[in-house]
Every structure is written in structure tokens, then in C-alpha cells.
Amino acid sequence: MLKDLFVPNAKPRPSVFLTMVGCQVLFLLLLWLFYPLQLFPTLGEVGTSFKDLVTTQGLIQELWASLTTALGALGIATVLALGISYLTALPFFRPIAYAASKMRYLTLTGLTFFMALLLSSGHQVKLSVLVFGATVYLVTGMTSAILTTTQEEMDHARTLGMSEWRSFYEVVVLGKLDEMLEVVRQNFAIIWTMITLVETLYQSEGGIGLLLYKQNRYLHLAGVVAIQLVILATGAAQDYLFAFLRRLFFPYSELSTAK
Amino acid sequence: MADHSYKEPILTLRDISMQFGGEVVLRDISLDVLDVVRPGVNQGQVVGFYGRSGIGKSVLCRIIAGLLPPTTGTVQVANPQRPVCPGDVGFVQQRYPLFNHRTLLDNLLVAAQRKHALTEAKVKVEDFLARFDLAQHRRKYPAQLSGGQRQRAAIAQQLLCSEHLIILDEPFSGLDIAMIDEVKKIIIEVTTSNELNTVVIVSHDLATTTALSDTLWLLGPERDAAGQCITGATITKNHQYNLAEMGLAWQPGIQAKPEFVQLIEHLKDEIRKS
């Protein structure tokens, strides 16, 4: 029962585990409520600020604007990254994937400036920076997944009389789709990191990043914490959604993992 | 009258050598598998293939399966003989790979569709599911199958799409005695269902494999006149055993015969020496 929570690799009952998580969250909230840090806003202040952000500053609308931009960027970046990664089957394209992966070291500010020179509208700049940023991270993760393909897997497809392209399609494209979705899930967070920065540079379309920037600027710490918690909750919901999609479309993907 | 005779070649290896980065792994391997004919029996061929771990058995299997071009030499299959291509020879690798993203039914269908239209492929697959005692697992993914079920599925998949040749890499390793009997039954069923069906068994289980085989190959280093090992493993004429000619093939209960026991001891000595 309870002692299972402290035994390595133990499998506590779901009800026990959920109760434990609930208690941990409650403990943190109580700690926050009764022992507030001097610099950190109290739970009450954050609650009040959250209410104010929703009712007077359009938090939900700004969140929606950021979310749709992020999803749009992620969609485009995923298609691009899949294309670049799958093309590594052809030696001619391998340098492109290698270069794309290394471009994640480029700084966002310099990149934004460069994009602004190339593109006319603020929205396009914002979207292209996000797409670029997400693509280079996705390519890194996706090529790593592709590189885990073993000789045995490819030989297996070949012994079934499949051509090289068909073997690649069966083993790498179809066989690793679930891993690709996992790579997308893991890298979605990077878009949230970037979007808050990009929205402060291009303020015309608003967004939760701009709202956060304003709270920072006027030293509304409670507002900052409230927005951060909203972003955290949105990210957790996204993770859950991706895990759900993975279970739905790729039911085999979790069968061989340790429970 | 002899109880068996030989007809056309099924598998021919000529002067196979293989080097990796200048290191000779295999050299001068020439082998023939001929269609053995027994009156009143659909008799396929079973070749037992032995050698110490790391000697190059898997490399030779990949060459025979057309997955790895040899540095020199040729592999010919089928009748009339032609150079081997990937897909001509079924190869069930040690860990019984299947497509993990497909159900068992889909795994077999994708193989059967290589030679048959969809409707016909479905009929074939149903037949194989029943023959290999896998019908109740058709909707399962490979990760949900037991080791034995997975092995049967991998063999069925290769049989559905390969020609007459199939290589089984360590088919008995890690199996309990009941499962070994089951795999033996499958091999006998495969080799007696078509005159040209040929199974090459790569194994360290000498007794079980030899009892099933009509030919044995022993891969190992050859020694020169001074007794020094020559680089690169080979299968010399002395290490190609025709069990049919020796009167040690196709006999139930052969393992109890003194000649069989002697042969196993001889094989063990040869492997130790290599």
C-alpha cells in the first residue's frame, strides 16, 4: 500500500498514486497560503490577479490567439521537419538535415531581425520565426529517432521482398510514426518559450506573451505568476492530448514499455 | 535401389569470400544444396549450419539471403539458377523481427501480398494462421505475443513470401522442450510440404538440429600445413556432412543410435578445435 510509494520500481494502485499526487499539491498550496515568501505573491494575490486578467485584460482571448499561432507554427514545422528528416534516406540531403539540426544554436533575436528584413507583415515574421525555431528542434529529435533503425529491422523488410523505398516506408515512416508524434509533443514546449518573446517584439496581434510582458513591465508579480500558471496548465493539457492521440492512433507504442 | 537421389540445384555458393575493412571474415566457401528425392515422399532439404560464436555464420546467412554482397563469389538460387536477390530467401533472424506497428494479421498480409492478390492473400493468411496455431492472436500486436508465438509468426511471414529457401537463425534458443518440439514439427511440415522447400538451421543445439537435417555445414578456420589457423572462416569439404549418405537422415528416434551419438561427439570436437 503506502510503503509501495518508497519501494524502487513498485507499482502502487492508481487510487493510492492519485491520492499521493493530490496530497503533494495540497501541501504545496497550503505552504504557499500560510508561509508566503517575501518576494513571491501570495496565493490570494495570484487568484485576484487571475480574475482581473480574465475579466478586464482578455486573458482567454490572448491565450487563444497564442495557442492558434503556436498550433499553426507547429503544424507547418512538423511537416517541414518530417520532410527534411525522411529525406536523410538519400545521402544528397543528409547535409541539409545536419545543418538544420545545428541551426538550433542560432539566437532568436538575430533571427527575428533577419526575418523582419525578409518579410513584410508582423504576423509572417512571428510565424516564420516560430516555424524556424520549432523545425530545427524537431529535425534534431526526428533524425535521432530515425537513426535508431537497426540493420535487423531493414533486413527484415528486405527479406519480405520489399524494395529499398518500400522498406524505408515500412520500417522508418510507418514504423516510427508514433515516435515522431512523441518528438512533436516534447518539442511543443519550445514554441511556448519562443512565442512569449516573439509576441513582445511584434505587439500588433497581442497574445499571452504580450500580456506577460506588460505584467513584467509594471512589476505585477501576481499577474506574472498567474499567466505562468496558465501557460503551465495549457502545456500540461497539450501533453495529455498528445499522449491521448498516441494511444488512440498508435496503440502498439506503449505495449513494450515497462509498466 | 537407393532410398534417395539428387536432382537439380536449389542453392549454389561459389568461392564466397567476405572482407570488412581489409579483415578476412569468410573465404573460399563453395557449397551446393541439391533437391533430394525420396520415392513416395515430398522431401525437402534441411541443412544444419554450425560454427563457434562470432565466426561469421550471420554474415554468411546475410550473403545467402542476398542482403550482403560478398567481396568475391556468387550465390545462385532457384531453378533455373539465378543470382540471389533480397526476398528470394526467407531469413528468420534471432529475435524474430516483425513489424511492431502492424497486427499479426497485417504482418502476414503484407508478406502474402507480395505473391498474391488481396483476396487470395487473405485466404493464404487464414490458412497459415490456422496451421501455425495463431488464429486466436490475429488482432494482437507483436509486443503482445509470447516468444514462441512470435517465432511461429516470423516463420509464417517468411514462408508466405519467400521462394523455397528459408534460413532460421537460432530457432531453438531459449525455448522449453515443448516449444522445441513444436518448432521441429513446423520445420518438418515445411520441408515435407514441397519437394523444393529447403530450411537452413543455424544453431548451437547440435543434437536437435542434426536429428532434423540431411546435410551439415561446419564453419571454422582452416589450418595450414604447419598447423596454423588461416585467416577467415570457411566450410571445407571435410566439414560438409551428407547425413543422407551416412544413413543418419529422416529417421525418427535417430538420437538414440550410437552412430548419431558418435557424430555429435565428433562435431563437438571439431567445433572445439576451431
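Modeller: Let us begin with contacts: two residues are in contact if their C-beta atoms, placed from the backbone, lie within 7 Å. In chain A, residues 24 or more positions apart account for 69% of the contacts with a separation of 6 or more. Please keep in mind that this is a predicted model, in which local features need pLDDT of at least 70 and side-chain atom pairs count only at pLDDT 80 or more, while totals for chains, interfaces and linings use all residues. Residues are numbered from 1 along each chain as its sequence is written, and chains are lettered from A and ligands numbered from 1 in the order in which they are written.

Biologist: How many helices and how many strands does chain A have?

Modeller: Helices (H or I, at least four residues) and strands (E, at least two) are DSSP runs, numbered from the N terminus. Chain A has eleven helices and zero strands, so its elements read α-α-α-α-α-α-α-α-α-α-α from the N terminus on. Along the principal axes, the C-alpha atoms of chain A fill a box of roughly 65 × 60 × 25 Å.

Biologist: What share of the residues of chain A counts as buried?

Modeller: A residue is buried if 20 or more other C-beta atoms lie within 10 Å of its own, exposed if 12 or fewer, and partly exposed in between, with C-beta atoms placed from the backbone. Of the 259 residues of chain A, 32% count as buried.

Biologist: Is A:Phe113 buried or exposed?

Modeller: A:Phe113 has 12 other C-beta atoms within 10 Å and is therefore exposed. This residue belongs to helix H5 (residues 108-118) of chain A. A:Phe113 and A:Val129 are 16 residues apart in sequence, and their C-alpha atoms are 9.8 Å apart in space.

Biologist: Which residues of H8(A) are buried?

Modeller: In H8(A), the buried residues are A:Ser167, A:Phe168, A:Glu170, A:Val171 and A:Val172. Their cover includes H6 and H7 of chain A. Helix H10 (residues 208-217) of chain A has its own buried set, namely A:Ile208, A:Gly209, A:Leu210, A:Leu211, A:Leu212 and A:Gln215. These buried residues of H10(A) pack against H3, helix H9 (177-201) and helix H11 (221-249) of chain A. After H10(A) comes A:Leu219, with a positive phi near 55 degrees.

Biologist: How is the packing of two helices described?

Modeller: Two packed helices are described by the angle between their axes and the distance between the axes. Axes are lines fitted to C-alpha atoms, for helices over the stretch in contact, and angles run from 0 to 180 degrees between N-to-C directions. For helix H3 (residues 59-86) and helix H6 (residues 122-147) of chain A, the angle is about 40 degrees and the axes are 7 Å apart. H3(A) is therefore oblique to H6(A); angles under 35 degrees count as roughly parallel, over 145 as roughly antiparallel, 65 to 115 as roughly perpendicular and the rest as oblique. The crossing of H3(A) with H6(A) is right-handed; a crossing has that name if the near helix is turned clockwise from the far one by less than a right angle, and is left-handed if anticlockwise. Among the contact residues are A:Gly72 and A:Ile76 of H3(A) together with A:Leu130 and A:Ala134 of H6(A). By class, this contact has 16 nonpolar, six polar and one charged residues; Ala, Val, Leu, Ile, Met, Phe, Trp, Tyr, Cys and Pro count as nonpolar, Asp, Glu, Lys and Arg as charged, and the others, Gly among them, as polar.

Biologist: At what angle do H6(A) and H9(A) pack?

Modeller: H6(A) and H9(A) pack at about 150 degrees, with their axes 9 Å apart. The two helices are therefore roughly antiparallel to each other, and their crossing is right-handed. The residues that meet include A:Gly133 and A:Tyr137 in H6(A), and A:Asn187 and A:Ile191 in H9(A). This contact of H6(A) with H9(A) divides into 15 nonpolar, four polar and two charged residues.

Biologist: How many residues does each chain give to the contact of chain A with chain B?

Modeller: Chain A gives 14 residues and chain B gives 20 residues. On the side of chain A, helix H7 (151-159) and helix H8 (164-174) are the elements that give two or more residues. H7(A) gives the most, with six residues. That side of chain A has four nonpolar, five polar and five charged residues.
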